[in-house]
Structure formats: C-alpha cells, structure tokens
Amino acid sequence: MPRLRPAREEDLPAIAKLSHDTLLLGRAGERVFPSRELWGELFVAPYLRRGCCNLVAEEEGAVLGYILGACGDLALACYLLPRLPRLFFRLLLGRYGPVWPHVRYLLRLLLYPGPKASRRRYPAHLHIAVSPEAQGKGLGKALLAAFLNCLQSKGVKGVQLSTTRANAAARRLYQALGFRLHAKKASPFWAPYHGHPVIHEVWVKEL
Ligand SMILES: CC(C)(COP(=O)(O)OP(=O)(O)OC[C@H]1O[C@@H](n2cnc3c(N)ncnc32)[C@H](O)[C@@H]1OP(=O)(O)O)[C@@H](O)C(=O)NCCC(=O)NCCS
C-alpha cells in the first residue's frame, strides 16, 4: 500500500514526469509542451520550493501520485518572476528543444485564463495527479483529504482549483471531498490540441 509523505526537493523529477505525463487533460502531451524539464521549472519547482502542504504517495521508492499546493500566490510569484528571464533566454537558445510549441502554449495560457474564484475567500490552490496504473484505487482521495487537513491546520480559509468539464475522474474526486462548482467558462485554450473548445471550471471549498 502506498504511503503518503511530505514532498521533498529530490521528488522534483518524478513529480515533473507525472505532471508532464498527464498535462493533456490527463494524457501525455509532448507535442503540446515538449520539454519535461521546462515544465518542471515552471509548473512544479515553484510549488515544491514555495508552496504548502505538498505531498507524494510513494511505494517501494516510486512516486505514484502527488498533490502540490500553495497557500497564496505571492510566494510563488516571488520565486518564479526573477527566474523567468533566464528560463526564457535558455528556451530561445533551444536548450529545451523546439521553441515554438512552448511559446505557443505559454502565450495561450496568458491569452485565455480560466475562471478564478476570489483569492481573498479561497487563497489556496492545488494540482494533483496519480500515475495511470495507480488510478481508481483511492490514492487521489487520500492525497486530497490529507492536503485539506494540512490547510486546515494552517488556518487557511478556503481553497480553489481548476479543471475541465471533460475530466470526469477529477470532478468526481472534488465532489466526493466537498468541493462545489463555482464558475465555468468555455475556453479556446485546448482547442488547437483537441480540435474543439473545452469548458474550464473553477471549484471551491471553504475550510
Ligand atoms: C483525478 C485523479 C487525481 C483521481 O485520482 P484517483 O486516485 O484515480 O481517484 P480515486 O481512486 O481516489 O477516486 C476518487 C473518486 O473519483 C472517482 N473516479 C476515479 N476514476 C474515475 C473515472 N475514470 N471516471 C469517473 N470517476 C472516477 C472514484 O469513483 C471516486 O469517487 P467516489 O468516492 O464517489 O467513488 C486521477 O484520475 C489523475 O491523476 N488524473 C490525471 C491528472 C488529472 O487530471 N489531474 C487533475 C487535474 S484538474
């Protein structure tokens, strides 16, 4: 049975792999964002180094699932913003492979932000994934429940997260742990990769 433990710096490659392997609405997305390394620098390292209540599910040394959170945005921004020029420069030099798919993804992220709930009422947010072979066995539920306990123990008032209408497993998980749908918006963000727009949702929970 996998055990839950706090995520550590040395988990970065395993979490980045799992996160990158599920980036395309739960499936691998190399053509969407080819570099796992850059993905890890942008979307995993800030949480691991400046987030809160980060956990992994580990079995025999392998990371089977993770939950990365932030109790607020400021710490993440303070970590990432000064590092962006160097990462962007390396990207332009081709250190992360082809430039255009990465630039395109990042530009689309800026152009088509998903709906958000009030950061004052719901300051925390999270990312979660379980490796495909370990899904459907309660690991996602265990990670999210432990994460919510941790937020509560820190006195955090509320938490929000983003998902899509297409992600049945994630929606079921959030419902099971007491989240409610707060807002939704059809967004063209995934359209080039999926062939159609996808409905983006923000779910919230008071703590
Ligand atoms: C979403 C995810 C983390 C769920 O983790 P999991 O370990 O498979 O989930 P659990 O086994 O704990 O199940 C949690 C709930 O979801 C339901 N569920 C799990 N897989 C499901 C599926 N494929 N379809 C519908 N419901 C599903 C379970 O029945 C359970 O609900 P219940 O308690 O009411 O029965 C996992 O599917 C995943 O990593 N997906 C890819 C990454 C991703 O999409 N992350 C979320 C981004 S918003």
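Which strands does helix H1 (residues 12-21) lie across? In this predicted model, local features need pLDDT of at least 70 and side-chain atom pairs count only at pLDDT 80 or more, while totals for chains, interfaces and linings use all residues. Residues are numbered from 1 along each chain as its sequence is written. Helix H1 lies across strand E2 (55-59), E3 and E4, and runs at about 85° to E3. Axes are lines fitted to C-alpha atoms, for helices over the stretch in contact, with angles from 0 to 180 degrees between N-to-C directions.

The protein chain contains 8 helices and 7 strands, taken as DSSP runs numbered from the N terminus (helices H or I, at least four residues; strands E, at least two). The radius of gyration of the chain, 16 Å, is close to the 17 Å that the globule rule gives for 207 residues, so the chain is as compact as a globular protein of that length. This radius is taken over C-alpha atoms, and the rule is 2.2 Å times the number of residues to the power 0.38. The C-alpha trace spans about 45 × 40 × 35 Å along its principal axes. Buried residues account for 32% of the 207; a residue is buried if 20 or more other C-beta atoms lie within 10 Å of its own, exposed if 12 or fewer, and partly exposed in between, with C-beta atoms placed from the backbone. Of the contacts between residues at least 6 apart in sequence, 74% join residues at least 24 apart, a contact being two C-beta atoms, placed from the backbone, within 7 Å.

The 7 strands form an open sheet of mixed pairing, in the order E1-E2-E3-E4-E5-E7-E6. Its edge strands, E1 (3-6) and E6 (180-187), each pair on one side only. The twist averages 25° from one strand to the next. Strands count as paired if DSSP finds at least two bridges between them. E2 and E3 pair in the antiparallel sense over 5 bridges, with leucine 55 opposite isoleucine 67. E3 (residues 62-70) is also antiparallel to E4 (residues 124-130), over 6 bridges. Here tyrosine 66 stands opposite alanine 129, and alanine 70 has histidine 125 as its bridge partner. E3 is mostly covered, with 8 of its 9 residues buried. In H1, the residues Ala14, Ile15, Ala16, Leu18, Ser19 and His20 are buried, and their cover includes helix H2 (36-50), E2, E3 and E4.

Most residues other than glycine have a negative phi. Cysteine 53, in the loop between H2 and E2, has a positive phi of about 60° and is buried, with 25 other C-beta atoms within 10 Å. Glutamate 60 has a phi near 50° and belongs to the hairpin of E2 and E3, which has 2 residues between the strands. Glutamate 60 is exposed, with 6 other C-beta atoms within 10 Å.

Around the ligand are 20 residues, of which Gln135, Gly140, Lys141, Ala169 and Arg172 come nearest; a residue is near if its C-beta atom, placed from the backbone, lies within 6 Å. E4, helix H6 (139-153) and helix H7 (168-176) each give two or more residues to this shell, and H7 gives the most, with 6. By class the shell has 9 nonpolar, 8 polar and 3 charged residues, where Ala, Val, Leu, Ile, Met, Phe, Trp, Tyr, Cys and Pro count as nonpolar, Asp, Glu, Lys and Arg as charged, and the others, Gly among them, as polar.
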